[in-house]
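Q: I am new to this entry and would like to be walked through it. Could we take it one topic at a time?

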Amino acid sequence: MSGVVEHVDVAVPIRTVYDQWTQFEEFPHFMEGVQEVRQLSETMTHWTVEIAGVKREFDAEITEQLPDERVAWKSTGGTQQAGVVTFHRLDEGHTRVTLQMDFEPHGVVEQAGDKLGVVDRRAKGDLERFKTFIERRGQETGAWRGSVDRPTP
(Lines give C-alpha, C1' and ligand atoms only; values in the text may rest on other atoms or scores of the structure.)
Protein backbone atom coordinates (compact mmCIF):
# COMPACT_ATOMS: atom_id res chain seq x y z
CA MET A 1 0.00 0.00 0.00
CA SER A 2 1.05 3.56 -0.68
CA GLY A 3 -0.23 6.68 0.99
CA VAL A 4 -0.66 10.39 0.58
CA VAL A 5 -1.38 13.21 3.02
CA GLU A 6 -2.17 16.71 1.76
CA HIS A 7 -4.03 19.74 3.07
CA VAL A 8 -5.32 23.09 1.89
CA ASP A 9 -6.60 26.14 3.75
CA VAL A 10 -9.88 27.51 2.40
CA ALA A 11 -11.27 31.01 2.98
CA VAL A 12 -14.79 29.71 3.66
CA PRO A 13 -16.50 28.73 6.96
CA ILE A 14 -16.22 25.08 8.01
CA ARG A 15 -19.93 24.29 7.58
CA THR A 16 -19.91 25.46 3.94
CA VAL A 17 -16.70 23.56 3.18
CA TYR A 18 -17.96 20.35 4.78
CA ASP A 19 -21.39 20.62 3.16
CA GLN A 20 -19.79 21.01 -0.28
CA TRP A 21 -17.50 18.04 0.27
CA THR A 22 -20.54 15.83 0.94
CA GLN A 23 -21.75 16.56 -2.61
CA PHE A 24 -19.80 13.67 -4.13
CA GLU A 25 -21.44 14.00 -7.55
CA GLU A 26 -19.74 17.42 -7.87
CA PHE A 27 -16.23 15.91 -7.54
CA PRO A 28 -15.60 15.82 -11.33
CA HIS A 29 -15.65 19.66 -11.25
CA PHE A 30 -12.39 19.74 -9.29
CA MET A 31 -10.87 16.23 -9.22
CA GLU A 32 -8.62 15.45 -12.15
CA GLY A 33 -9.36 12.09 -13.73
CA VAL A 34 -12.74 11.67 -12.01
CA GLN A 35 -15.32 11.38 -14.76
CA GLU A 36 -18.37 10.59 -12.64
CA VAL A 37 -19.42 9.87 -9.08
CA ARG A 38 -22.92 8.55 -8.45
CA GLN A 39 -24.36 8.43 -4.95
CA LEU A 40 -26.12 5.07 -4.73
CA SER A 41 -27.24 5.41 -1.10
CA GLU A 42 -26.29 7.38 2.01
CA THR A 43 -23.17 5.25 2.36
CA MET A 44 -22.37 3.94 -1.15
CA THR A 45 -20.90 5.73 -4.17
CA HIS A 46 -19.94 4.50 -7.64
CA TRP A 47 -16.87 6.07 -9.26
CA THR A 48 -15.73 6.23 -12.88
CA VAL A 49 -12.15 7.45 -13.22
CA GLU A 50 -9.59 7.66 -16.01
CA ILE A 51 -5.95 7.99 -15.09
CA ALA A 52 -3.14 7.85 -17.65
CA GLY A 53 -5.57 6.52 -20.25
CA VAL A 54 -6.78 3.67 -18.01
CA LYS A 55 -10.50 3.78 -17.21
CA ARG A 56 -11.70 2.15 -13.98
CA GLU A 57 -14.97 1.85 -12.13
CA PHE A 58 -15.35 0.97 -8.49
CA ASP A 59 -17.68 1.34 -5.53
CA ALA A 60 -16.71 3.07 -2.30
CA GLU A 61 -18.45 2.87 1.04
CA ILE A 62 -18.62 5.77 3.48
CA THR A 63 -17.39 4.16 6.70
CA GLU A 64 -17.65 7.21 8.95
CA GLN A 65 -19.14 10.66 8.56
CA LEU A 66 -19.37 13.33 11.25
CA PRO A 67 -20.71 16.74 10.20
CA ASP A 68 -18.03 19.46 10.09
CA GLU A 69 -15.37 16.94 11.20
CA ARG A 70 -14.67 14.01 8.87
CA VAL A 71 -15.67 11.76 6.01
CA ALA A 72 -13.95 8.34 5.77
CA TRP A 73 -14.32 5.74 3.02
CA LYS A 74 -12.99 2.49 1.62
CA SER A 75 -13.38 0.83 -1.76
CA THR A 76 -15.48 -2.31 -1.85
CA GLY A 77 -13.84 -4.14 -4.73
CA GLY A 78 -11.56 -3.53 -7.67
CA THR A 79 -9.32 -0.57 -6.97
CA GLN A 80 -8.13 -0.86 -3.36
CA GLN A 81 -8.11 2.41 -1.48
CA ALA A 82 -9.27 3.94 1.76
CA GLY A 83 -9.04 7.39 3.24
CA VAL A 84 -10.37 10.19 5.34
CA VAL A 85 -10.93 13.89 4.80
CA THR A 86 -10.94 16.00 7.95
CA PHE A 87 -12.13 19.57 8.41
CA HIS A 88 -10.51 21.92 10.93
CA ARG A 89 -11.89 25.34 11.85
CA LEU A 90 -9.04 27.85 11.69
CA ASP A 91 -11.30 30.83 12.48
CA GLU A 92 -14.84 32.00 11.64
CA GLY A 93 -14.14 32.24 7.90
CA HIS A 94 -11.28 29.78 7.28
CA THR A 95 -11.07 25.99 7.22
CA ARG A 96 -8.23 23.52 6.77
CA VAL A 97 -9.11 20.45 4.69
CA THR A 98 -6.77 17.48 5.18
CA LEU A 99 -6.81 14.41 2.93
CA GLN A 100 -5.22 11.12 4.00
CA MET A 101 -5.47 8.25 1.55
CA ASP A 102 -3.97 4.77 1.23
CA PHE A 103 -4.10 2.98 -2.11
CA GLU A 104 -2.71 -0.03 -3.96
CA PRO A 105 -1.08 0.95 -7.28
CA HIS A 106 -1.70 -1.62 -10.04
CA GLY A 107 0.71 -2.43 -12.82
CA VAL A 108 4.04 -0.94 -13.79
CA VAL A 109 2.67 2.46 -14.88
CA GLU A 110 0.80 3.11 -11.61
CA GLN A 111 3.72 1.87 -9.51
CA ALA A 112 6.15 4.12 -11.41
CA GLY A 113 3.75 7.07 -11.11
CA ASP A 114 3.46 6.47 -7.38
CA LYS A 115 7.25 6.42 -6.97
CA LEU A 116 7.50 9.68 -8.96
CA GLY A 117 4.98 11.41 -6.70
CA VAL A 118 2.19 11.66 -9.28
CA VAL A 119 -0.52 10.73 -6.76
CA ASP A 120 0.74 13.30 -4.23
CA ARG A 121 0.72 16.05 -6.88
CA ARG A 122 -2.72 15.04 -8.11
CA ALA A 123 -4.14 15.07 -4.55
CA LYS A 124 -2.61 18.51 -3.90
CA GLY A 125 -4.00 19.77 -7.23
CA ASP A 126 -7.46 18.36 -6.46
CA LEU A 127 -7.50 20.14 -3.09
CA GLU A 128 -6.36 23.41 -4.70
CA ARG A 129 -9.12 23.10 -7.33
CA PHE A 130 -11.64 22.38 -4.55
CA LYS A 131 -10.44 25.55 -2.77
CA THR A 132 -10.96 27.59 -5.95
CA PHE A 133 -14.35 25.94 -6.58
CA ILE A 134 -15.82 26.68 -3.14
CA GLU A 135 -14.21 30.10 -2.68
CA ARG A 136 -15.58 31.32 -6.03
CA ARG A 137 -19.07 30.02 -5.22
CA GLY A 138 -19.02 31.21 -1.61
CA GLN A 139 -21.75 28.70 -0.83
CA GLU A 140 -22.28 24.97 -1.14
CA THR A 141 -24.21 23.35 -4.01
CA GLY A 142 -26.01 21.16 -1.47
CA ALA A 143 -25.48 19.42 1.84
CA TRP A 144 -25.94 16.17 3.69
CA ARG A 145 -25.72 16.65 7.45
CA GLY A 146 -26.35 13.04 8.45
CA SER A 147 -23.88 10.93 10.40
CA VAL A 148 -22.42 7.53 9.67
CA ASP A 149 -21.03 5.81 12.76
CA ARG A 150 -17.63 4.17 12.57
CA PRO A 151 -18.03 0.39 12.34
CA THR A 152 -17.17 -1.57 15.45
CA PRO A 153 -14.25 -3.99 15.02
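The conversation below goes through the sheet, its hairpins, a helix and the nonpolar core.

Q: What kind of model is this?
A: It is a predicted model.

Q: In what order do the seven strands of the open sheet stand?
A: The order is β1-β7-β6-β5-β4-β3-β2, and the pairing is antiparallel.

Q: Which strands stand at the edges?
A: The edge positions belong to β1 (2-10) and β2 (34-39). Each has a single partner strand, so one side of each has no neighbour in the sheet.

Q: What is the average twist?
A: From one strand to the next, the twist averages 20 degrees.

Q: Let us turn to the pairs. How many bridges do β3 and β4 have?
A: Strand β3, residues 44-51, pairs with β4 in the antiparallel sense over eight bridges. Within that pair of strands, His 46 has Asp 59 of β4 as its bridge partner.

Q: What lies between those two strands?
A: β3 and β4 form a hairpin with two residues between them. Ala 52, in the turn, has a positive phi of about 55 degrees.

Q: And how many bridges join β4 to β5?
A: Six bridges join these antiparallel strands. Glu 61 has Lys 74 of β5 as its bridge partner. Their hairpin has three residues between the strands, and Asp 68 takes a positive phi near 65 degrees there.

Q: What about β5 and β6?
A: β5 (residues 70-75) and β6 (residues 81-91) pair in the antiparallel sense over five bridges. Arg 70 has Thr 86 of β6 as its bridge partner.

Q: Which strands does helix α1 touch?
A: Helix α1, residues 14-21, packs on the sheet and touches β1, β4 (54-66), β5, β6 and β7 (94-103). The direction of α1 makes about 160 degrees with that of β6.

Q: How many residues of α1 are buried?
A: Seven of the eight residues in α1 are buried. Among them are Ile 14, Val 17, Tyr 18 and Trp 21.

Q: Changing topic, which residues touch the most other members of the largest nonpolar core?
A: They are Trp 21, Phe 27, Trp 47, Phe 87 and Val 97, in a core of 33 residues. Helix α3 (residues 118-137) gives the most to this core, with five residues.

Q: What does Phe 87 touch?
A: Leaving aside residues up to four places away in sequence, its contacts include Ile 14, Val 17, Tyr 18 and Trp 21. Phe 87 also touches Asp 68 and Arg 70, and Val 97 is another of its contacts.

Key:
Residues numbered from 1 in each chain as written. Predicted model: local features only at pLDDT ≥ 70, side-chain atom pairs only at ≥ 80, totals over all residues. Heavy atoms only, no water. Pairing = 2+ DSSP bridges. Helix = DSSP H or I, 4+ residues; strand = E, 2+ residues; numbered from the N terminus. Axes fitted to C-alpha atoms, helices over the stretch in contact; angles between N-to-C directions. Contact = heavy atoms within 4.5 Å. Core = buried A, V, L, I, M, F, W, Y, C linked by side-chain atoms within 4.5 Å. Buried < 20%, exposed > 50% of the residue type's maximum accessible area, 1.4 Å probe, protein only.
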